[in-house]
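The entries follow in the order in which I checked them.

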Amino acid sequence: MSDTTAKPVTLITGGATGIGAATVGHLLAAGHRVGVTGRDEGRLERFAAEIGAGRDVLLPIAADPTDYASVGGAVRATVQEFGRLDAVIANAGFSTHDNLADGDPEQWREMLLVNVLAPAVLIKAALPELTRSGGRIVLIGSTAGIKNTPGNMYSVSKTALTSLAENARVLVTGSGVGVTLIAPGRVDTPFWSSHPSHEVPAGPVLTPNHIADAVVWALGQPAGVEVNTVVVRPTGQTH
Ligand SMILES: NC(=O)c1ccc[n+]([C@@H]2O[C@H](COP(=O)([O-])OP(=O)(O)OC[C@H]3O[C@@H](n4cnc5c(N)ncnc54)[C@H](OP(=O)(O)O)[C@@H]3O)[C@@H](O)[C@H]2O)c1
């Protein structure tokens with residue numbers, strides 16, 4: 001039996017589907033122990049059963065990524081289970097798929113909480129443990145946060161996240177913690193089920209595995225090396 005206590009420990013939010021689920025799989029394959037959050041405990045447990053990893057390496061945690069107490073509980077549960085924390089990945093996010101003229105401001109409120117407040121809350125909750133371990137923070141942004149999509153509040157939220165990544169980097173780099181923004185282009189995930197067409201718009205598209213690869217590559221950099229921004233588009237995506 002291998003000694004799992006030597007494996008790095010990573011906590012990811014909203015990891016039961018899409019990019020998060022693929023990232024959990026890639027992290028486990030790369031030898032991490034993983035805490036994974038989601039709001040729906042049943043769905044999380046089904047995901048954990050499907051992926052087939054034991055409780056010694058995968059801990060599902062029901063948590064609301066926008067709630068500081070809930071996220072703090074997820075950090076504590078991960079450290080209690082695995083003894084340390086080496087990385088956090090702020091992955092939970094969604095789009096209202098609308099524009100400033102026709103969108104619903106209440107949905108924008110929720111989107112801003114999930115896409116901007118939740119990553120900030122995760123950083124705050126995890127920072128003491130990451131400072132202890134010299135760990136890493138990964139934020140899942142978007143090309144919509146790199147290149148402005150006029151009239152689109154999702155683009156505004158992800159632009160704020162791009163800003164948060166650099167803001168956090170400057171704050172924590174002196175304490176040995178690294179920050180990486182991964183900005184995907186279009187990816188075929190349940191993200192698009194809330195789009196008016198209920199499917200990924202026509203055109204080039206990535207798979208969740210492409211983004212999971214980028215996350216694990218960034219986390220796998222040697223000590224003293226930090227990848228700060230990774231933009232991954234499907235070839236042919238213009239924006
Ligand atoms: N798919 C794309 O084309 C694309 C492109 C660029 C960036 N991204 C970003 O990639 C990240 C992952 O998205 P995905 O494409 O993998 O989509 P996904 O499969 O829908 O996953 C998004 C996750 O975010 C959580 N989430 C969604 N709405 C939430 C809410 N209102 N409150 C709290 N948590 C919520 C969900 O977790 P639970 O429901 O389990 O709690 C879900 O697992 C997001 O930050 C997204 O903005 C996606």
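I began with polar contacts, taking these as pairs of N or O atoms within 3.5 Å, where a pair within protein also needs one atom able to donate a hydrogen and the other to accept it, and residues adjacent in sequence count only if both atoms are side-chain atoms. A polar backbone atom of Gly93 is 3.1 Å from an oxygen atom of the ligand, and a backbone N or O atom of Asn91 lies 2.8 Å from an oxygen atom of the ligand. From a side chain, I noted a polar atom of Trp192 at 3.1 Å from an oxygen atom of the ligand. The ligand taken alone exposes 870 Å², of which the protein buries 93%, with accessible areas from the Shrake-Rupley method and a 1.4 Å probe, where for residues only the protein chains shown count as cover.

I kept in mind that this is a predicted model, in which local features need pLDDT of at least 70 and side-chain atom pairs count only at pLDDT 80 or more, while totals for chains, interfaces and linings use all residues. Residues are numbered from 1 along each chain as its sequence is written, and side-chain values use heavy atoms, with hydrogens and water left out.

Next I looked up the shell, counting a residue as near if one of its heavy atoms lies within 4 Å of the molecule or strand. I found 27 residues around the ligand, the closest being Ile19, Arg43, Glu110, Tyr154 and Thr189. The helices α1 (18-29), α4 (105-133) and α5 (153-172) each supply at least two residues of this shell, helices being DSSP runs (H or I, at least four residues) and strands likewise (E, at least two), numbered from the N terminus.

Then I asked where the ligand sits, and found that it sits in the largest pocket, which requires more than half of its atoms to lie within 2 Å of the grid points. I worked on a 1 Å grid over the protein atoms alone, where a pocket is an open set with protein on both sides within 12 Å along at least five of seven lines, a cavity is a set of points where a 1.4 Å probe fits but cannot get out, and lining residues have an atom within 4 Å of a point. About 1100 Å³ of space lies in this pocket, a volume being the space filled by probe spheres set on points joined across faces, edges and corners. Of its 49 lining residues, Gly93, Phe94, Ser95, Tyr154 and Phe191 are the closest to its centre.

Last, I noted that the largest cavity has a volume of about 40 Å³.
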